[in-house]
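Biologist: Before I use this model, I would like to hear what stands behind the words used to describe it. Please go through them with the cut-offs.

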Amino acid sequence: MLTAKLAGHTEPVSALTQSLQSSIIASASEDSTVRIWDMTTLQTTKILYPPTPQSSPTTKVDSCSDDDECDGPVAISFAANSPNLIFAAVGSSLVLGDLRLNGASNSWQQLFSASENINKISVHSNELHVGLADDSGSVYVLETAKIPYKPYRKIHCDQRVLSTKKVMGDMVWQYGLFYPLVQPNLAADNPFAQGLNPPFVYDTAFNSMGNTFIAALGDGSIDWMHWPTTKSQSRSTRKTKQAQYIQERLVGPHAWSVTSVSFENGNDKPNMFVSGCIDGSVALWNLQNATNGFTTDELETHAPKSVNSVKMPYKVNTVMMLESTNESKAVVAVGGTAKHKAKHAMDAFAIDLVSLAY
């Protein structure tokens, strides 16, 4: 059920992020802006203009790699414990904006340049490290404890690496040790929508407890991995450097590439997540039954399932499950690309707030 619209962007919405410290969210768009929204009033409180090679000669930003044009930031994330700071990926550059400044392109600080376009930003909850993935298949971990921010470590891998676009497969890295914890096989016995097998990975997410990982795949499915947290399994993991986990491929209402997945930022619903697809479908998933200690053989009847879904009238680029105290409904922010662009219509690229019962 559609509950509200956040209107203001004039081009497709590419990314959403929620601050952990306040009731605000941020949205990035191909109109080259980042908008800050107050979720109590559903109004824009600030418009930021991240630098691009064309827009800011004073703040140097590397050009987009390949032949792609820079159509604004494709990934954003608030700093974990600093609600006034926001990271944005523009082309191959990671830049930092401060909500207390005027938001102009020359007020942003460039932190790092990757080898190709950055497509994923992940901020660790300790506030000291930022993880990046780019289109070359590289993963970067930056230390943010000192000003100016400096690169801390770069991890080189082959093309099967944790990333979001133009990359096949994924890895999960154990924080602090920087060796691949698992490298799941994403090849399907019966490939779904996309012809490539294994499929592209478009987005990834961990739940708030850190024991469930999901990956949005280009064949319309979702790869789900869960690590039971018993003491015996933890000891075994430390000895062998190989996590004991359960893996399942989830198939729901999506008929084409799954572009985005999101858990709630808070700790109230670690077993629920949402997913969005380019066919316009948005699904709510319940993992509760699948995290109760079932064996792999028992997962056939207890595997995570989609409990509700809605069809949006446009291609979904990004979804975000908002923190909510409602015990029976999840509130999801959805941004995407209108199938029929209406020029000068303020709500053509609005962010929709959708309520899904479970």
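**Terms and values**

Modeller: Of the 358 residues of the protein chain, 54% count as buried. Buried means under 20% relative accessible area, exposed over 50%, and partly exposed in between, with a 1.4 Å probe and protein chains only. This is a predicted model, in which local features need pLDDT of at least 70 and side-chain atom pairs count only at pLDDT 80 or more, while totals for chains, interfaces and linings use all residues. Residues are numbered from 1 along each chain as its sequence is written, and side-chain values use heavy atoms, with hydrogens and water left out.

Biologist: Why is Asp352 called buried?

Modeller: Asp352 has a relative accessible area of 2%, and the limit is under 20%, so the residue counts as buried. Asp352 is found in strand S26, where six of the seven residues are buried. Strands (E, at least two residues) and helices (H or I, at least four) are DSSP runs, numbered from the N terminus.

Biologist: What makes the link between the side chains of Asp352 and Lys5 a polar contact?

Modeller: A polar contact is a pair of N or O atoms within 3.5 Å; within protein, one must be able to donate a hydrogen and the other to accept it, and residues adjacent in sequence count only if both atoms are side-chain atoms. The distance from Asp352 to Lys5 is 2.8 Å, so the pair meets the limit. The side chain of Tyr314 makes another such contact with that of Asp352, at 2.6 Å.

Biologist: How do you know that S26 pairs with strand S1?

Modeller: Two strands pair if DSSP finds at least two bridges between them. S1 (residues 2-6) and S26 (residues 351-357) are joined by four bridges, so they pair. The two run antiparallel, and the bridge partner of Leu6 in S26 is Ile351. Strand S25 (residues 329-338) is joined to S26 by six bridges, also antiparallel, with Ala330 opposite Leu356.

Biologist: Why is Pro12 called buried, although it lies in the loop between S1 and strand S2?

Modeller: The relative accessibility of Pro12 is 6%, under the 20% limit, so Pro12 counts as buried. Pro12 touches Ala28, Ser29, Glu30, Asn317, Gly336, Thr337 and Phe349, not counting residues up to four places away in sequence; contact means heavy atoms within 4.5 Å. Pro12 and Gly336 are 324 residues apart in sequence but 5.5 Å apart in space, C-alpha to C-alpha.

Biologist: What makes a set of residues a nonpolar core?

Modeller: The members are buried Ala, Val, Leu, Ile, Met, Phe, Trp, Tyr and Cys residues joined through side-chain atoms within 4.5 Å. The largest such core has 18 residues, and among those with the most contacts inside it are Phe87, Leu94 and Phe112. Strands supplying at least two residues each to this core include S7 (85-90) and S8 (93-98). A second, separate core of 15 residues includes Ile24, Val34, Ile36 and Leu99.

Biologist: How do you know which parts to read with caution?

Modeller: By pLDDT, the predictor's confidence in each residue, from 0 to 100. The chain averages 76, and 67% of the residues score at least 70. Confidence is lowest in helix H1 (residues 231-240), at a mean of 42, and highest in strand S4 (residues 34-38), at 95. Over residues 146-168 the pLDDT is below 50, although this stretch has 86 contacts in the model beyond near neighbours in sequence. Where pLDDT is low, the predicted coordinates should not be read in detail.
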